[in-house]
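Subject: Handing over the structure, with notes

Dear colleague,

Here is the structure I would like to hand over to you. Please have it open beside these notes as you read them.

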Amino acid sequence: MKTIKMKFAAALALFVLTLSSCSSDDNGPSQDNMSIYATAKANAQLSVLASALEKAGLASTLSSSGSFTVFAPTNEAFNAFLSKNGYADLNAVPVAALKEILLNHVLSTKVKSSAIVTGYVKTLAKGSASTSNTLSMYIEKNTAVDINGGKANGGATVTTADIEATNGVVHIVDGVIGLPTIVTHAIANKNFTTLVSALTYNPASGFAAMLSGTTGSPFTVFAPTNTAFASFLTETGFSGLSAIPANVLETTLKYHVVAGANVQSSALTNGQTVNTAASQSFTINTAGGAKITDANGRISNIIITDVQCSNGIIHAIDKVLLPKL
């Protein structure tokens, strides 16, 4: 009787093991053993992304060894992007343009959600402003993770994080992230809300349109923070932006813009004279940290450098530059 029970137990164990093995085979390979491209291909929400990667010649890149982070737009996000930009379907998107859009969703290092912090990172995309400096992405982490200001501003929000792949990690997002302009990045970073208000205060000035487009680009913008603007208003005695005469505000804003040049921080030298769109210049000082001396002898520190946009570059400063008025 004991021998019969032992034989029965052995047969039952073999049956369970066989059933488990078959079940694993039926489910296909583990997602952890799939590349980023294969992960997109296997996910029903990401089938358009997989097709886009194939069309742009990036399937092999995201199948290769490496360590990438991909913010992966859903099919719904891609279809909204195609409709918004007047494309009948994915095949209607020029390959070169599609490739840059896709590369704007890729980081060259693996960043899991637990390691994401608010700030700037570099994507693999390049805009028309620079042949060497890749585009910046602004990530804001609060209760959600917003990219370049979120979906409403041409960016996206992470909806599913940390899908592991053999060559990195995938975070699913709800929008296709457009190539960011100077205005895109100004809007995305809440430290520049006053600057955005100043740029858009007088639509007739055309500042916002100019810094959103490519005419006259590339542009280099030395961007005052909200704190810088608050100090400027206190210093000058104006009660707010609306109290600043239109000609004064326009000349002051132009004094922060260099037209026709994408000036990276590595190109700034001590004693350098910078000519601005206000037809006035200021001086760069690099001793003890990069600073600007304006036409009135006031000094501003450059506190963030090389925020690369598709139509230029931004350097943040802690004091509004004041031209001769």
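This is a predicted model: local features need pLDDT of at least 70, side-chain atom pairs count only at pLDDT 80 or more; totals for chains, interfaces and linings use all residues.

Residues are numbered from 1 along each chain as its sequence is written, and side-chain values use heavy atoms, with hydrogens and water left out.

The largest pocket holds about 410 Å³ of space. A pocket here is an open set of points on a 1 Å grid over the protein atoms alone, where a 1.4 Å probe fits, with protein on both sides within 12 Å along at least five of seven lines; its volume is the space filled by probe spheres set on the points, which are joined across faces, edges and corners. Its lining (residues with an atom within 4 Å of a point) comprises 22 residues, and Phe81, Lys84, Asn85, Val176 and Gly178 lie nearest the centre. Two or more lining residues come from each of α4 (75-84) and α5 (95-103), with α4 giving the largest share, four residues. Helices and strands are DSSP runs, numbered from the N terminus (H or I, at least four residues, for helices; E, at least two, for strands). By residue type the lining divides into 11 nonpolar, eight polar and three charged, where Ala, Val, Leu, Ile, Met, Phe, Trp, Tyr, Cys and Pro count as nonpolar, Asp, Glu, Lys and Arg as charged, and the others, Gly among them, as polar.

Turning to α4 itself, Asn75, Ala77, Phe78, Phe81 and Leu82 are buried in this helix, with buried meaning under 20% relative accessible area, exposed over 50% and partly exposed in between (1.4 Å probe, protein chains only). Seen down the axis of α4, these buried residues fall within an arc of 160°, so they line one face of the helix; the arc is that of the directions from the helix axis to the C-beta atoms. Their cover includes α3, β1 (68-73) and α5, while the face turned away from the buried side carries the exposed residues Glu76, Ser83 and Lys84. Just after α4, Gly86 takes a positive phi of about 75°.

Ser47 lies in helix α3 (residues 47-55) and is partly exposed, at 34% relative accessible area. Leaving aside neighbours within four places in sequence, Ser47 is in contact (heavy atoms within 4.5 Å) with Ala40 and Asn75.

As for salt bridges (a side-chain nitrogen of Lys or Arg within 4 Å of a carboxyl oxygen of Asp or Glu), the count comes to seven. Glu235 pairs with Arg298, the closest N and O atoms being 2.8 Å apart, and this pair links distant parts of the chain, Glu235 in helix α9 (residues 226-236) and Arg298 in the loop between β12 (291-293) and β13 (299-309), 63 residues apart. Glu235 is partly exposed at 45%, whereas Arg298 is buried at 12% relative accessibility. Arg298 also forms a salt bridge with Asp294, at 2.5 Å between the closest N and O atoms, and Asp294 is buried at 5%. Lys254 and Glu250 form another, with closest N and O atoms 3.4 Å apart, and being four residues apart in helix α10 (residues 246-254), they are separated by about one helical turn. Finally, Lys110, Lys112 and Glu164 are linked in a network of salt bridges.

With best wishes
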